[in-house]
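The questions below ask for both.

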Amino acid sequence: MTSRLFRILAVLGLAMSLCGFAMPAHAEKRVALVVGNNDYKNVPKLLKAVNDARTMGDTLKQLGFSVMVAENQNRQQFSETLLAFDRAIEPGDTAFFFYAGHGFEIAGQNYLLPTDVPAATEGQEELVRDASILADRIVERLQNKKARTSILVFDACRNNPFERAGTRAVAGGGGLAPMTQLPEGVFSVFSAGPRQTALDRLSNDDANPNSVFTRTFARELLQPGENLVQVAQHTRRLVSEMADTVKHKQVPVYFDQMVDDVFLSGAAKDAAAAAARPVDPPPQKVAALPPVSVPRVPKEESTNAPIASFSRHNGGWSVTFSFADPTLGISWRMAGNGDFRETGFIDTLDPRTRKRLPNPSIELPPDAAAGTIEVRYVDQSGDMQGPFPIKFDPEAALIRDQRKILDMTATSWLSFREFNGLLVYYSHLLSYRCAIREARIGIDTAVPDKVLKLPPCDLRDPSAISAGMQLYQKLPPTTQFMSVELTYRDGSVSEIKTFRTANRSNN
C-alpha cells in the first residue's frame, strides 16, 4: 500500500512539474499608442488628426491591442505619454505607434510637432528640434524595450507648418524624410512619399471625418488574412488612386525590416484553411529518455534559430546562415527533397568552441525555384537542433540584395566622362535595375524631374547588360551637376543624391 501511494505521488509530481514547465514566463501581447494633435498654438491648426487617432485606436482595439489614446499633446505631455508607453511594453510584445499631426523634416531627420511648438523662422531650426519629438528616438525606445515587432505609422505628411506670408520659413517642404535604416523587426508606414503632402479630404463635399490615408489604412488593417506588407501595398494603391481623382500626387510608402510575415487580423488564408481541418488526436505519450542526436523540433521562441542572407551572382545564389550561438556542424536540404547535406568546414578555429568553424554558406543554382530551405545544426552539447525552415523567394531575395547594394554604393550611381562632349554614364543603375521601379534625374536642378528609362529586369540573368542597352546620355557642356532619386520596387524612395560634373573622369 505504501509503495503504491509513493508511485501515485511520484506520477502526480511529475505531471505538475511538466505543467509548470509548459507555462510561458511571459505571453506576447499587443500594445499601441495613438496620438492626434489638432490644437496647435503657434502654427496652423489641423482638423482631422484627433479623429484619425480615435479611429486608429478603435481599429487596433478590434485587433486585440491594449490601446492608449493621447490628444493635443504639448511637449511635456508627449514625453510623459511616451514614458507610459515604454512602461507598458515588455520583451516579445508587438508595439504599434500611430501619429497624426504636424511633422517636419530637418537634415534628413523627422520630428513630430507637439501643440506648443514655436513659430520658427529661417535659421531657427534648433528651436524646432528642441521643442519636438525625434521619430528615430521612438524606434530606439521600442528596440530598448525588446519589442519583437514594432510598427510605426505616420499620417503627418502635411504642408510646411512654418510658412508665413512675408517671412522666410524654416527650410523644408511638405512631407517627411524616408526612414530606410531601420533595425530588424521594425515596419514603418508614411501617408505620403518624400516631398508629397497628404490629403485630409478629396473635395469640399468630402464629409469623411478622417484623412484619405487613415480612412483607407484602418479599413485595410481589418482585412483578414493580409500581412503587413499586403496592407501597406493595398493602402498605397487605393490612396494613390483616390488622390489621382483630384489631380494630386500622394503615394504612401512603407519600409519593411520584418524577418517573418506579420498578420494582425487573422492568419494567412492558407493557414486558416488548414487550421479549420479536423486534427487527429495526439498519440498517447510515454515518458522516456530521448535517443542521442535525434533532431529536436524547433520552438517558435527558440533563441538560436538561424537567419539567412541571400546574394545573387553570375553563377547563382550564395546563401549565408547566421546563428546566435556556436555550432559544431551545419546541414541543409530543400524541404522534402532528399537527405540533409553537410556544409563542411572552413580553415578557421572558432574561439568559443576551439574547433574548426562550420562553413555557414551554401550555393544554389541561378534557376533555383522558390521553396523552403531546412537547416539544422549541432550545438555545443553535441545535440542536433532543427530542422528550421527558411523561406527562399528568388525574386524577393534579388530585389532586397540589389537594394542593399544600391544603398551601399550610392556614390557610384552616376559617372561623367569627356568624349566628344560631356557624357553621363548610368551603367551602375542598369546592373541593379531589378530593385528599381523608377529612376528620376534632374540636370542642374535639385529636383529630379525627368524619368530615366531602364530596361526590364531579367530574373534569369539580372545583372546582364546587353549590347543594345543605352549606357549613357549626352549632356549640355555647361552642366554643373545632376540629381538622382530612385523609387524601389517595394515603394520606398531614396534620398536625392547630387553628382557634380567637376568630379568627372577624363579617361
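Q: How do you know which residues and atoms the values rest on?
A: This is a predicted model, in which local features need pLDDT of at least 70, side-chain atom pairs count only at pLDDT 80 or more, and totals for chains, interfaces and linings use all residues. Residues are numbered from 1 along each chain as its sequence is written, and side-chain values use heavy atoms, with hydrogens and water left out.

Q: Why is Thr-343 called buried?
A: Buried means under 20% relative accessible area (exposed is over 50%, partly exposed in between; 1.4 Å probe, protein chains only). Thr-343 has 13% relative accessibility, so it counts as buried. The residue lies in the loop between β13 (341–342) and β14, where strands (E, at least two residues) and helices (H or I, at least four) are DSSP runs numbered from the N terminus.

Q: What does Thr-343 touch, not counting residues up to four places away in sequence?
A: Contact means heavy atoms within 4.5 Å. By that rule Thr-343 touches Ile-330, Trp-332, Asn-359, Ser-361 and Ile-362.

Q: Why is Ser-494 put in the buried class?
A: Its relative accessible area is 7%, and therefore Ser-494 is buried. Ser-494 sits in the loop between β24 (481–488) and β25 (497–500). Leaving aside neighbours within four places in sequence, Ser-494 is in contact with Trp-413, Glu-485, Leu-486 and Tyr-488.

Q: Why is strand β12 described as largely enclosed?
A: Five of the six residues of β12 (residues 329–334) are buried, so the rest of the structure largely encloses this strand.

Q: How do you know which strands pair with β12?
A: Two strands pair if DSSP finds at least two bridges between them. β12 and β17 (residues 371–378) have six bridges, in the antiparallel sense, with Gly-329 opposite Val-378. β12 and β13 are joined by two bridges and also run antiparallel; here Trp-332 has Arg-341 as its bridge partner.

Q: What lies between the strands of the β12 and β13 hairpin?
A: Six residues lie between β12 and β13, and Gly-336 in the turn has a positive phi of about 70 degrees.

Q: How do you know that β14 and β15 pair?
A: Three bridges join β14 (residues 345–350) to β15 (residues 355–358), antiparallel. Phe-345 stands opposite Pro-358. The two strands form a hairpin with four residues between them, and Arg-354 in the turn has a positive phi of about 60 degrees.

Q: Why are β4 and β6 said to stand at the edges of their sheet?
A: The open sheet has three strands in the order β4-β5-β6, with antiparallel pairing. β4 (103–106) and β6 (133–134) each have a single partner strand, so one side of each is left without a neighbour in the sheet.
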